[in-house]
Amino acid sequence: MNNNRNNSISKNDLDFLNEYWDIYRKLLFESRNDKALIDTKNLFKAVDLNGGKIIFVGNGASASLSSHAATDLTKQGKIKSIALNDHNLITALSNDYGYENWVAKALEYYAETNDLLVLISVSGESNNLVNAVKYAKNNSIDTLSITGFHKKNKLKISTDFSLWVDSKSYNIVESIHTIWITLIIDLIVGKVNYSVN
């Protein structure tokens, strides 16, 4: 942005930006875990080879990321994926079974044995997602959590596989989740630049 009236940056803003970018540098580069990302790519491909689909679910911004991930993984990655975030489905099942149970109930309708349930949550403590893991375990459905906050959050310790961001900042965790998911899709495609039509 070009602002001719005031081209100076305050020291407070500059300090904030330096600290913010430093957090990203540490989380994305200094502590990067390439093996976990490649393992996730291979897990997605294995689900596809076994005739299963990827089921993404999350709350709030993680629901939006779930939708983004399911669309791009299906369209670009050619791996069948869905996101459980339709407002009609959520409100109907929440009304009948309680918000904490709607995801588990949706899995009764949509999940099959060869599927992979991917739960995206900054805190890893959302009851509706924790209850979904219980349903998945009782029905032989593999689970992957993508979380942040505490290293021993409920989703991380209860899922079969996990990706975890060592941060307690909602925006930073959500942004890194987005980078990881889109990176995994590009790993599956095998290119950085490609046509999406």
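At 44% relative accessibility, lysine 137 counts as partly exposed. In this predicted model, the lysine 137 side chain meets that of aspartate 160 in a salt bridge, with 3.6 Å from N to O. The two partners come from distant parts of the chain: lysine 137 belongs to helix α6, while aspartate 160 sits in the loop between α7 and β5 (161-164), 23 residues apart. Aspartate 160 also counts as partly exposed, in its case at 37% relative accessibility.

Read from the N terminus, the order of elements is α-α-β-α-β-α-α-β-α-β-α-β-α. The C-alpha trace spans about 60 × 40 × 30 Å along its principal axes. Of the 197 residues, 43% count as buried. As for how the chain contacts itself, take the contacts between residues at least 6 apart in sequence: 65% of them join residues at least 24 apart.

Back to the charges. Side chains of opposite charge can pair when their charged atoms come close. The salt-bridge count for the model comes to eleven. One of these joins arginine 32 and aspartate 34, whose closest N and O atoms are 2.7 Å apart. Aspartate 34 is partly exposed, since its relative accessibility is 34%. Elsewhere, Asp22, Arg25, Lys26 and Glu30 are linked in a network of salt bridges.

Another salt bridge brings in lysine 53, whose side chain meets that of glutamate 112 at 3.4 Å, N to O. Is lysine 53 buried or exposed? With a relative accessible area of 10%, lysine 53 falls under the 20% cut-off and so counts as buried. The lysine 53 side chain has other polar partners as well. A polar atom of this side chain lies 2.8 Å from the backbone oxygen of tyrosine 110, and a polar contact of 2.6 Å joins it to the side chain of aspartate 115. Leaving aside residues up to four places away in sequence, lysine 53 touches Val47, Lys80, Ile82, Tyr110, Ala111, Glu112, Asn114, Asp115 and Leu116. That list holds the salt-bridge partner Glu112 along with Tyr110 and Asp115.

Next come the helices and how they pack. Two packed helices are described by the angle between their axes and the distance between the axes. For α5 and α6, the angle is about 35° and the axes are 7 Å apart. On the α5 side, the residues that meet α6 are Trp102, Val103, Ala104, Leu107 and Glu108; their counterparts in α6 are Asn128, Leu129, Asn131, Ala132 and Tyr135. Sorted by class, this contact has seven nonpolar, two polar and one charged residues.

Helix α8 covers residues 170-189. Its 20 residues, at 1.5 Å a residue, should span 28 Å, and its end C-alpha atoms are 29 Å apart, so the two values agree. Which residues of α8 are buried? They are Ile172, Val173, Ile176, His177, Trp180, Ile181, Ile184, Ile185 and Ile188. An α-helix has 3.6 residues a turn, so residues three or four places apart point the same way. The buried residues of α8 pack against α1 (11-30), α2, α3 (61-75), β3, β4 and β5. Just after α8, glycine 190 takes a positive phi of about 90°.

Positive phi values also turn up in residues other than glycine. One of these is serine 140, with phi near 55°, in the loop between α6 (127-138) and β4 (142-147). Serine 140 counts as exposed, because its relative accessibility of 52% is over the 50% cut-off. Phenylalanine 149 has a phi near 60°, again positive in a residue other than glycine. Phenylalanine 149 is found in the loop between β4 and α7 (154-158). In contrast to the exposed serine 140, phenylalanine 149 is buried, with a relative accessible area of 14%.

How values were computed
Residues numbered from 1 in each chain as written. Predicted model: local features only at pLDDT ≥ 70, side-chain atom pairs only at ≥ 80, totals over all residues. Heavy atoms only, no water. Helix = DSSP H or I, 4+ residues; strand = E, 2+ residues; numbered from the N terminus. Buried < 20%, exposed > 50% of the residue type's maximum accessible area, 1.4 Å probe, protein only. Salt bridge = Lys/Arg side-chain N within 4 Å of Asp/Glu carboxyl O. Axes fitted to C-alpha atoms, helices over the stretch in contact; angles between N-to-C directions. Contact = heavy atoms within 4.5 Å. Nonpolar A, V, L, I, M, F, W, Y, C, P; charged D, E, K, R; others polar. Expected span 1.5 Å × (residues − 1). Polar contact = N/O pair within 3.5 Å; in protein donor to acceptor, adjacent residues only side chain to side chain.
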